[in-house]
Amino acid sequence: MRRRNFLTAATGTTAAVAVPFVGAAPRVGTSDVIRLRKGLDALMELDDTQGGHEGLERAALAGAKEALEKQKLGATQRIRQRLFSVAADYTATAAWSALDARKSGHAHALLDKALYLAGMGQDPIVEMRVWNSYAMLAHQRGEHTEAVDSGQAAQSTPITKRDPFFASLAHARTAIGHSSLGDRQAALRSLGHAHEALGKAHLDEPRPSWLAFYGPAELTAMTAIVRDRIGDSAEAEAASHKALGAIPHQFRRRTGPWPPRGSPWPRSTSGTSTRRVPLPPMHSS
């Protein structure tokens, strides 16, 4: 009798605790994901005006931490994946800030983490973003073979098959890597693919805010870089002038003598030339 009473009491206690937990609605939902993404967009606007800096990196890492902390509050599998995706995007933003500040070792560690989180979130767009940043970092370090490999990894992400806009950026990034290795034929081939893909893209489609820098003006600037590195000086200078004329108004924010402090010409070869700094004469080093 005592045993039966004990089991009945235990079962009742367990039910009182467990049933509300199992049946409770998730405490994290779509509105939380949207709010976190709006914070990410705000950071990208800050980056457009100030460039990478310690405050931006701290804010991005805080956003990533918040997204991951919300995983503990209860959410559907779909929301969990979206939270991983947001955390990956925030971490990639922090990595970009470190890269922009020339903290290459720190940037690489952050990109490793961002790639892991993008995989957990099953997000091919963030994955492509991370490989694009790996290519930029490798170029900054002078590791041009790795830059090509990273550009090709970016090309292989599923989003490049669905949206030629992403494919164009991946091919352009690869072209810069080839040109830095002195491989003229491969550089021009990748550049041709980049222009062809951008011609097929719908430029007015909504895309992530981190991608706002890319478009016809940026591709023309990257073309100037590639042409300069493979020795086509006349074509390079013509492309640089065309790029300057095509810079969207919202990115014409920074003024001052060339080169701006902290933004030397090699920094522009990472593909950010039309975002915050003017292109120098293409015959310069």
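At the start of helix α6 in this predicted model, a side-chain oxygen of Asp 123 comes to within 2.9 Å of the backbone nitrogen of Ile 125. This is a polar contact, defined as a pair of N or O atoms within 3.5 Å; within protein, one must be able to donate a hydrogen and the other to accept it, and residues adjacent in sequence count only if both atoms are side-chain atoms. Helix α6 covers residues 124-141, and its 18 residues should span 26 Å at 1.5 Å a residue, which agrees with the 26 Å between its end C-alpha atoms; the expected span is 1.5 Å times one less than the number of residues. Gly 142, with a positive phi near 80 degrees, follows the helix. Because 13 of its 18 residues are buried, α6 is largely enclosed by the rest of the structure. Buried denotes under 20% relative accessible area, exposed over 50% and partly exposed in between (1.4 Å probe, protein chains only).

Residues are numbered from 1 along each chain as its sequence is written. Local features need pLDDT of at least 70 and side-chain atom pairs count only at pLDDT 80 or more, whereas totals for chains, interfaces and linings use all residues; side-chain values use heavy atoms, with hydrogens and water left out.

The chain contains 14 helices and 0 strands; helices (H or I, at least four residues) and strands (E, at least two) are DSSP runs numbered from the N terminus. Of its 285 residues, 47% are buried. Among contacts (heavy atoms within 4.5 Å) with a separation of 6 or more, 68% involve residues 24 or more positions apart. The chain exposes about 13,900 Å², of which carbon and sulfur atoms supply 56%, as computed by the Shrake-Rupley method with a 1.4 Å probe, where for residues only the protein chains shown count as cover.

A nonpolar core is a set of buried Ala, Val, Leu, Ile, Met, Phe, Trp, Tyr and Cys residues joined through side-chain atoms within 4.5 Å. The largest has 33 residues, and those with the most contacts inside it include Leu 36, Tyr 90, Leu 111 and Val 130. Elements giving two or more residues to this core are α2 (30-50), α3 (54-69), α4 (77-100), α5 (104-120) and α6. Helix α4 supplies the largest share, 13 residues. Beyond its neighbours within four places in sequence, Leu 111 contacts Ala 95, Val 130, Ser 133, Tyr 134 and Leu 137. A second, separate core of 24 residues includes Ala 154, Ala 170, Ala 175 and Ala 187.

The whole structure holds 4 aromatic pairs. Rings of Phe, Tyr and Trp (its six-membered ring) pair if their centres lie within 6.5 Å; planes under 30 degrees apart count as stacked, over 60 as edge-to-face and the rest as tilted. Trp 131 and Tyr 134 form a tilted pair, 5.1 Å centre to centre with 45 degrees between the planes. The two residues are 3 apart in α6, and therefore separated by about one helical turn. Trp 131 is partly exposed at 23% relative accessibility, while Tyr 134 is buried at 6%. The pair of Phe 165 and Tyr 214 is edge-to-face, with ring centres 5.5 Å apart and planes at 80 degrees. This pair links distant parts of the chain, 49 residues apart: Phe 165 lies in α9 (residues 164-180) and Tyr 214 in the loop between α10 (184-200) and α11 (216-229). Both residues are buried, and ring pairs join Phe 165, Phe 213 and Tyr 214 into a cluster.
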